[in-house]
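This report is meant for a reader meeting the structure for the first time. Please look over the sequence and the model before reading on.

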Amino acid sequence: KRFDFKQITLFKEYETDLPDVMCKASEIQQVFFNILSNGAQAMMASEKERDPAFTIRIYRVREFVVVEVRDNGPGMKEEIRKRIFEPFFTTKTVGEGTGLGLAVSYFIITENHKGTIEVHSAPGRGSTFVIKLPYHKL
């Protein structure tokens, strides 16, 4: 409600000839929505004067298709970054978030799709979510 995606620049860097990944589209959409909406909220709440932007990279590494979602927001302190996938953990005020979005995203990627998800972040350096999804050669 407090951010407008039209104000956020989106850079796309997609490798060509990527293999297909078997996944449930609605679940993967939920993961990306959670990451993008949290990032947008963080960038818009940031007091630094910079143009908010996401960079999405998709590429292959060994038996995985990797999706990186990077924002140029305020980043996270280590103690927050370590807990970001815990159920009910939130940095938002009461009524703004449940603390379930990234916990559910973690479950969707690791349990339902047998992949991995991690976050790299530091104060003043933005955040990068790295999702690895296995693909199967035919």
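Predicted model: local features only at pLDDT ≥ 70, side-chain atom pairs only at ≥ 80, totals over all residues.

Residues are numbered from 1 along each chain as its sequence is written, and side-chain values use heavy atoms, with hydrogens and water left out.

**The sheet**

Helices (H or I, at least four residues) and strands (E, at least two) are taken as DSSP runs and numbered from the N terminus, and two strands are said to pair if DSSP finds at least two bridges between them. In general, the strands of a sheet pair through backbone hydrogen bonds, either parallel or antiparallel.

Here five strands form an open sheet with mixed pairing, and their order is β1-β2-β3-β5-β4. The edges are formed by β1 (9-14) and β4 (116-121), each of which pairs on one side only. On average, and with direction ignored, neighbouring strands of this sheet are turned by 15 degrees against each other; the axes behind such angles are lines fitted to C-alpha atoms, for helices over the stretch in contact, and the angles run from 0 to 180 degrees between N-to-C directions.

Strands β1 and β2 run parallel and are joined by six bridges, with T9 standing opposite A53 in β2. Strand β2 (residues 53-61) runs antiparallel to strand β3 (residues 64-71), and eight bridges join these two. Within that pairing, T55 stands opposite R70 in β3, and I58 has V67 in β3 as its bridge partner. The hairpin of β2 and β3 has two residues between the strands, and R62 takes a positive phi near 50 degrees there.

**A helix across the sheet**

Helix α3 (residues 101-112) lies across β4 and β5 (127-134), and runs at about 135 degrees to β4.

**Three residues and their surroundings**

Leaving aside residues up to four places away in sequence, V69 touches I35, L36, F54, T55, I56, S127, T128 and F129, a contact being heavy atoms within 4.5 Å. The C-alpha atoms of V69 and R57 are separated by 6.7 Å, although these residues are 12 residues apart along the chain.

P19 is found in the loop between β1 and α1 (25-45). When residues up to four places away in sequence are not counted, P19 touches R60, V65 and Y135. P19 and H136 are 117 residues apart in sequence, and their C-alpha atoms are 8.2 Å apart in space.

F88 belongs to the loop between α2 (78-81) and α3, and is exposed, with a relative accessible area of 60%. Together with L100 and V104, F88 makes a nonpolar surface patch of about 260 Å². Such patches are made of residues with over 30% relative accessible area and no salt bridge, like charges being joined within 9 Å and nonpolar side chains (Val, Leu, Ile, Met, Phe, Trp, Tyr) within 5 Å; the accessible areas come from the Shrake-Rupley method with a 1.4 Å probe, and for residues only the protein chains shown count as cover.

**Salt bridges**

Side chains of opposite charge can pair when their charged atoms come close. A salt bridge is taken here as a side-chain nitrogen of Lys or Arg within 4 Å of a carboxyl oxygen of Asp or Glu, and the structure holds four salt bridges. The table gives some of them.

| Pair | N to O distance |
|---|---|
| E13 and R57 | 3.3 Å |
| E78 and R81 | 2.7 Å |
| R83 and E86 | 3.0 Å |

The pair of E13 and R57 forms a salt bridge that links distant parts of the chain, with E13 in strand β1 and R57 in strand β2, 44 residues apart. E13 counts as partly exposed at 40% relative accessibility, and R57 likewise counts as partly exposed at 29%. E13, R57 and E68 are linked in a network of salt bridges.

E78 and R81 both lie in helix α2, three residues apart, about one turn of the helix. E78 is partly exposed at 38% relative accessibility, and R81 is partly exposed with a relative accessible area of 22%.

Notes
Buried < 20%, exposed > 50% of the residue type's maximum accessible area, 1.4 Å probe, protein only.
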